[in-house]
Amino acid sequence: MIQSPIITAFGLKKTYRGASKPAVDDLSFDVRQKEIFGLLGPNGAGKSTTLMMLCGLIKMDAGSMEVLGLDVRQNGAEVRRRIGVAPQEIALFPTMTAYENLVYFSRMYGLPGTAIRETVLEYLGVFGLADKSSQRVATFSGGMKRRLNLVAALLHRPQLLILDEPTSGVDVQSRRMILDYMRRLQAEGVTILYSSHLLDEAEKVCSRFVILDEGRRIAAGALAEILAANGGSDNLEQMFLHLTGRGVRD
Ligand SMILES: Nc1ncnc2c1ncn2[C@@H]1O[C@H](COP(=O)(O)OP(=O)(O)OP(=O)(O)O)[C@@H](O)[C@H]1O
Ligand SMILES: [Mg+2]
(Lines give C-alpha, C1' and ligand atoms only; values in the text may rest on other atoms or scores of the structure.)
(Ligands and ions follow the chains in the order given, each with its own letter.)
Protein backbone atom coordinates (compact mmCIF):
# COMPACT_ATOMS: atom_id res chain seq x y z
CA MET A 1 0.00 0.00 0.00
CA ILE A 2 1.40 3.38 -0.97
CA GLN A 3 0.87 5.91 1.80
CA SER A 4 0.44 9.56 1.02
CA PRO A 5 3.25 11.82 2.25
CA ILE A 6 2.66 13.77 5.44
CA ILE A 7 5.54 16.11 4.59
CA THR A 8 6.60 17.05 1.07
CA ALA A 9 9.66 19.26 0.70
CA PHE A 10 10.68 20.30 -2.77
CA GLY A 11 13.71 22.32 -3.89
CA LEU A 12 14.25 23.96 -0.49
CA LYS A 13 16.88 26.64 -0.44
CA LYS A 14 18.08 28.96 2.29
CA THR A 15 21.07 31.29 2.44
CA TYR A 16 21.47 33.21 5.70
CA ARG A 17 22.14 36.92 5.37
CA GLY A 18 25.85 37.54 4.88
CA ALA A 19 26.67 33.87 4.31
CA SER A 20 28.84 32.98 1.33
CA LYS A 21 26.98 29.75 0.56
CA PRO A 22 23.53 28.30 1.18
CA ALA A 23 22.80 26.47 4.46
CA VAL A 24 20.28 24.36 2.52
CA ASP A 25 20.56 23.94 -1.22
CA ASP A 26 17.91 22.38 -3.46
CA LEU A 27 16.71 19.85 -0.90
CA SER A 28 13.76 17.57 -1.66
CA PHE A 29 12.35 14.73 0.41
CA ASP A 30 9.06 13.33 1.60
CA VAL A 31 7.97 11.78 4.86
CA ARG A 32 5.23 9.17 4.86
CA GLN A 33 2.60 8.57 7.47
CA LYS A 34 3.61 6.54 10.51
CA GLU A 35 7.30 6.33 9.73
CA ILE A 36 10.33 7.49 11.65
CA PHE A 37 12.22 9.43 9.01
CA GLY A 38 15.84 10.42 9.56
CA LEU A 39 17.22 13.82 8.50
CA LEU A 40 20.91 13.10 8.89
CA GLY A 41 24.20 14.84 8.40
CA PRO A 42 27.23 16.23 10.24
CA ASN A 43 27.50 19.56 12.08
CA GLY A 44 26.42 22.44 9.90
CA ALA A 45 24.79 20.20 7.27
CA GLY A 46 21.56 22.21 7.37
CA LYS A 47 19.34 19.92 9.46
CA SER A 48 18.05 22.51 11.94
CA THR A 49 17.64 25.09 9.16
CA THR A 50 15.44 22.59 7.28
CA LEU A 51 13.35 21.87 10.37
CA MET A 52 12.88 25.57 11.09
CA MET A 53 11.68 26.13 7.53
CA LEU A 54 9.30 23.23 8.03
CA CYS A 55 7.77 24.90 11.07
CA GLY A 56 7.57 28.23 9.25
CA LEU A 57 9.98 29.79 11.76
CA ILE A 58 12.41 30.91 9.07
CA LYS A 59 11.55 31.72 5.48
CA MET A 60 12.78 29.61 2.62
CA ASP A 61 14.36 31.51 -0.29
CA ALA A 62 13.06 29.00 -2.82
CA GLY A 63 11.16 25.75 -2.95
CA SER A 64 7.97 24.56 -1.33
CA MET A 65 6.93 22.64 1.74
CA GLU A 66 3.65 20.96 2.50
CA VAL A 67 2.98 19.64 5.98
CA LEU A 68 -0.23 17.77 6.84
CA GLY A 69 -1.67 19.02 3.58
CA LEU A 70 -0.93 22.67 4.45
CA ASP A 71 1.43 25.00 2.59
CA VAL A 72 3.88 26.12 5.26
CA ARG A 73 4.37 29.57 3.72
CA GLN A 74 0.67 30.35 3.87
CA ASN A 75 -0.35 28.42 6.97
CA GLY A 76 2.71 28.46 9.26
CA ALA A 77 0.72 29.15 12.41
CA GLU A 78 -1.74 26.33 11.72
CA VAL A 79 1.14 23.92 11.00
CA ARG A 80 2.80 24.85 14.30
CA ARG A 81 -0.45 24.24 16.21
CA ARG A 82 -0.83 20.78 14.73
CA ILE A 83 2.69 19.42 15.12
CA GLY A 84 4.95 18.80 18.11
CA VAL A 85 8.47 20.20 18.02
CA ALA A 86 11.36 19.40 20.33
CA PRO A 87 14.11 21.83 19.30
CA GLN A 88 17.83 21.13 19.42
CA GLU A 89 18.39 23.89 21.99
CA ILE A 90 16.51 22.99 25.17
CA ALA A 91 13.41 25.19 25.17
CA LEU A 92 12.37 25.18 28.83
CA PHE A 93 12.16 27.82 31.56
CA PRO A 94 15.10 27.05 33.88
CA THR A 95 13.72 28.87 36.92
CA MET A 96 10.37 27.08 36.79
CA THR A 97 9.79 23.52 38.02
CA ALA A 98 9.27 20.62 35.63
CA TYR A 99 5.57 20.60 36.49
CA GLU A 100 5.20 24.36 35.98
CA ASN A 101 6.96 24.14 32.60
CA LEU A 102 4.60 21.47 31.36
CA VAL A 103 1.53 23.31 32.63
CA TYR A 104 2.74 26.37 30.74
CA PHE A 105 3.14 24.41 27.48
CA SER A 106 -0.23 22.67 27.99
CA ARG A 107 -1.94 26.06 28.29
CA MET A 108 -0.07 27.32 25.25
CA TYR A 109 -1.45 24.39 23.25
CA GLY A 110 -4.93 25.19 24.55
CA LEU A 111 -5.46 21.93 26.46
CA PRO A 112 -8.62 22.07 28.59
CA GLY A 113 -7.81 23.03 32.18
CA THR A 114 -9.38 19.88 33.60
CA ALA A 115 -7.06 17.63 31.54
CA ILE A 116 -3.79 19.44 32.21
CA ARG A 117 -2.82 18.08 35.61
CA GLU A 118 -3.56 14.49 34.64
CA THR A 119 -1.71 14.74 31.30
CA VAL A 120 1.34 16.39 32.84
CA LEU A 121 1.58 13.82 35.64
CA GLU A 122 1.13 10.98 33.16
CA TYR A 123 4.07 12.12 31.02
CA LEU A 124 6.30 12.93 33.99
CA GLY A 125 5.73 9.32 35.09
CA VAL A 126 6.40 7.83 31.65
CA PHE A 127 9.73 9.67 31.41
CA GLY A 128 10.91 8.87 34.94
CA LEU A 129 10.46 12.43 36.21
CA ALA A 130 7.53 12.00 38.62
CA ASP A 131 9.61 12.48 41.75
CA LYS A 132 11.39 15.49 40.20
CA SER A 133 8.24 17.36 39.23
CA SER A 134 8.67 20.11 41.81
CA GLN A 135 12.38 20.66 41.12
CA ARG A 136 13.51 23.63 39.10
CA VAL A 137 14.72 22.71 35.63
CA ALA A 138 18.01 24.56 36.24
CA THR A 139 18.94 21.74 38.65
CA PHE A 140 18.25 18.97 36.10
CA SER A 141 20.88 16.79 34.41
CA GLY A 142 21.28 16.89 30.62
CA GLY A 143 19.24 13.71 30.23
CA MET A 144 16.40 15.00 32.42
CA LYS A 145 16.24 18.28 30.48
CA ARG A 146 16.25 16.44 27.15
CA ARG A 147 13.41 14.13 28.29
CA LEU A 148 11.37 17.07 29.56
CA ASN A 149 12.04 18.95 26.29
CA LEU A 150 10.53 15.97 24.48
CA VAL A 151 7.49 15.81 26.77
CA ALA A 152 6.80 19.48 26.06
CA ALA A 153 6.33 18.51 22.40
CA LEU A 154 3.94 15.64 23.18
CA LEU A 155 1.36 17.19 25.51
CA HIS A 156 -1.22 17.96 22.82
CA ARG A 157 -0.75 14.45 21.32
CA PRO A 158 0.26 15.61 17.81
CA GLN A 159 0.18 13.20 14.88
CA LEU A 160 3.50 14.59 13.59
CA LEU A 161 6.56 15.11 15.74
CA ILE A 162 9.70 17.01 14.77
CA LEU A 163 12.66 16.01 16.94
CA ASP A 164 15.92 17.89 16.38
CA GLU A 165 18.76 15.82 17.88
CA PRO A 166 16.51 14.36 20.61
CA THR A 167 19.30 12.33 22.21
CA SER A 168 21.96 15.04 22.20
CA GLY A 169 23.92 15.18 25.45
CA VAL A 170 22.21 12.25 27.19
CA ASP A 171 23.49 9.03 28.77
CA VAL A 172 22.72 5.47 27.68
CA GLN A 173 19.63 5.11 29.87
CA SER A 174 18.01 8.35 28.72
CA ARG A 175 18.87 7.55 25.11
CA ARG A 176 17.19 4.17 25.43
CA MET A 177 14.11 5.70 27.03
CA ILE A 178 13.79 8.33 24.30
CA LEU A 179 14.33 5.91 21.39
CA ASP A 180 11.94 3.33 22.88
CA TYR A 181 9.31 6.01 23.28
CA MET A 182 9.76 7.11 19.67
CA ARG A 183 9.09 3.53 18.57
CA ARG A 184 6.04 3.35 20.82
CA LEU A 185 4.64 6.56 19.34
CA GLN A 186 5.23 5.21 15.86
CA ALA A 187 3.31 2.04 16.77
CA GLU A 188 0.45 4.28 17.93
CA GLY A 189 0.37 5.94 14.50
CA VAL A 190 2.50 9.05 15.06
CA THR A 191 4.86 10.16 12.29
CA ILE A 192 8.30 11.33 13.40
CA LEU A 193 10.86 13.42 11.57
CA TYR A 194 14.07 12.98 13.50
CA SER A 195 17.33 14.82 12.90
CA SER A 196 20.67 13.51 14.05
CA HIS A 197 24.36 13.34 13.27
CA LEU A 198 24.44 9.88 14.89
CA LEU A 199 24.22 7.64 11.86
CA ASP A 200 24.38 4.39 13.82
CA GLU A 201 21.54 5.48 16.10
CA ALA A 202 19.45 6.54 13.12
CA GLU A 203 19.96 3.18 11.46
CA LYS A 204 18.29 1.54 14.45
CA VAL A 205 15.14 3.66 14.57
CA CYS A 206 14.47 5.02 11.08
CA SER A 207 12.83 3.33 8.12
CA ARG A 208 14.01 5.91 5.57
CA PHE A 209 16.49 8.74 5.52
CA VAL A 210 17.79 11.75 3.70
CA ILE A 211 21.46 12.48 4.29
CA LEU A 212 22.80 16.01 3.93
CA ASP A 213 26.28 17.40 3.67
CA GLU A 214 26.96 21.13 3.43
CA GLY A 215 23.30 21.80 2.67
CA ARG A 216 22.97 19.30 -0.15
CA ARG A 217 21.29 15.94 -0.28
CA ILE A 218 23.93 13.26 -0.82
CA ALA A 219 21.78 10.16 -0.35
CA ALA A 220 18.14 9.28 0.26
CA GLY A 221 15.89 6.25 0.64
CA ALA A 222 15.65 3.11 2.75
CA LEU A 223 18.86 1.76 4.30
CA ALA A 224 19.35 -1.10 1.85
CA GLU A 225 18.70 1.20 -1.12
CA ILE A 226 21.14 3.84 0.10
CA LEU A 227 23.90 1.34 0.80
CA ALA A 228 23.41 -0.46 -2.52
CA ALA A 229 23.39 2.82 -4.46
CA ASN A 230 26.62 3.97 -2.84
CA GLY A 231 29.18 1.30 -3.42
CA GLY A 232 27.72 -1.39 -1.16
CA SER A 233 28.99 0.02 2.16
CA ASP A 234 28.15 -1.95 5.32
CA ASN A 235 26.55 0.94 7.19
CA LEU A 236 25.65 4.61 6.87
CA GLU A 237 28.79 5.88 8.56
CA GLN A 238 31.03 3.99 6.19
CA MET A 239 28.98 5.19 3.25
CA PHE A 240 29.08 8.77 4.47
CA LEU A 241 32.87 8.78 4.80
CA HIS A 242 33.16 7.10 1.42
CA LEU A 243 31.08 9.86 -0.20
CA THR A 244 32.44 12.88 1.61
CA GLY A 245 35.95 12.15 2.87
CA ARG A 246 37.16 12.53 6.42
CA GLY A 247 37.61 16.29 6.80
CA VAL A 248 35.76 17.82 9.74
CA ARG A 249 32.70 19.75 8.74
CA ASP A 250 32.39 22.67 11.14
N1 LIG B 1 21.05 32.09 12.29
C2 LIG B 1 22.06 31.81 11.46
N3 LIG B 1 22.73 32.80 10.81
C4 LIG B 1 23.74 32.53 9.96
N5 LIG B 1 24.17 31.29 9.68
C6 LIG B 1 23.55 30.26 10.29
C7 LIG B 1 22.47 30.46 11.21
N8 LIG B 1 22.05 29.26 11.65
C9 LIG B 1 22.83 28.35 11.03
N10 LIG B 1 23.73 28.94 10.22
C11 LIG B 1 24.70 28.26 9.36
O12 LIG B 1 23.98 27.47 8.44
C13 LIG B 1 24.59 26.20 8.26
C14 LIG B 1 23.63 25.09 8.63
O15 LIG B 1 23.38 25.17 10.01
P16 LIG B 1 22.34 24.22 10.76
O17 LIG B 1 22.26 24.69 12.17
O18 LIG B 1 21.09 24.16 9.98
O19 LIG B 1 23.09 22.82 10.67
P20 LIG B 1 22.81 21.47 11.47
O21 LIG B 1 22.86 20.37 10.48
O22 LIG B 1 21.59 21.60 12.30
O23 LIG B 1 24.11 21.35 12.41
P24 LIG B 1 24.29 20.76 13.90
O25 LIG B 1 24.47 19.28 13.77
O26 LIG B 1 25.54 21.42 14.39
O27 LIG B 1 23.09 21.12 14.69
C28 LIG B 1 25.87 26.23 9.09
O29 LIG B 1 26.93 26.62 8.24
C30 LIG B 1 25.59 27.29 10.12
O31 LIG B 1 26.78 27.90 10.54
MG1 LIG C 1 21.18 21.42 14.24
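**Close-up 1. The largest cavity of the predicted model and the residues around it.** The largest cavity has a volume of about 40 Å³, where a cavity is a set of points on a 1 Å grid over the protein atoms alone at which a 1.4 Å probe fits but cannot get out, and where a volume is the space filled by probe spheres set on the points, which are joined across faces, edges and corners. Its lining, meaning residues with an atom within 4 Å of a point, consists of Ala86, Pro87, Arg146, Asn149, Leu150, Pro166 and Ile178. Helix 5 contributes the most to this lining, with three residues; helices (H or I, at least four residues) and strands (E, at least two) are DSSP runs numbered from the N terminus. By class, five of the lining residues are nonpolar, one is polar and one is charged, with Ala, Val, Leu, Ile, Met, Phe, Trp, Tyr, Cys and Pro taken as nonpolar, Asp, Glu, Lys and Arg as charged, and the others, Gly among them, as polar.

This is a predicted model in which local features need pLDDT of at least 70 and side-chain atom pairs count only at pLDDT 80 or more, while totals for chains, interfaces and linings use all residues. Residues are numbered from 1 along each chain as its sequence is written, chains are lettered from A and ligands numbered from 1 in the order in which they are written, and side-chain values use heavy atoms, with hydrogens and water left out.

**Close-up 2. Packing of helix 5 against helix 6.** The axes of helix 5 and helix 6 (residues 172-187) come within 10 Å and cross at roughly 15 degrees, the axes being lines fitted to C-alpha atoms over the stretch in contact and the angles running from 0 to 180 degrees between N-to-C directions. Helix 5 is therefore roughly parallel to helix 6, a description that applies to angles under 35 degrees. Contact (heavy atoms within 4.5 Å) is made by Gly143, Arg146, Arg147, Leu150 and Leu154 of helix 5 and by Ser174, Met177, Ile178, Tyr181 and Leu185 of helix 6. These residues divide into six nonpolar, two polar and two charged.

**Close-up 3. Packing of helix 3 against helix 5.** Helix 3 (residues 98-108) and helix 5 (residues 142-154) pack at an angle of about 25 degrees, and their axes lie 9 Å apart. The two helices are therefore roughly parallel to each other. Ala98, Leu102 and Phe105 of helix 3 meet Leu148, Val151 and Ala152 of helix 5, a contact with six nonpolar, no polar and no charged residues.

Key: Parallel < 35°, antiparallel > 145°, perpendicular 65-115°, else oblique. 1 Å grid on protein atoms, 1.4 Å probe; cavity = no way out; pocket = protein on both sides within 12 Å on 5 of 7 lines; lining within 4 Å.
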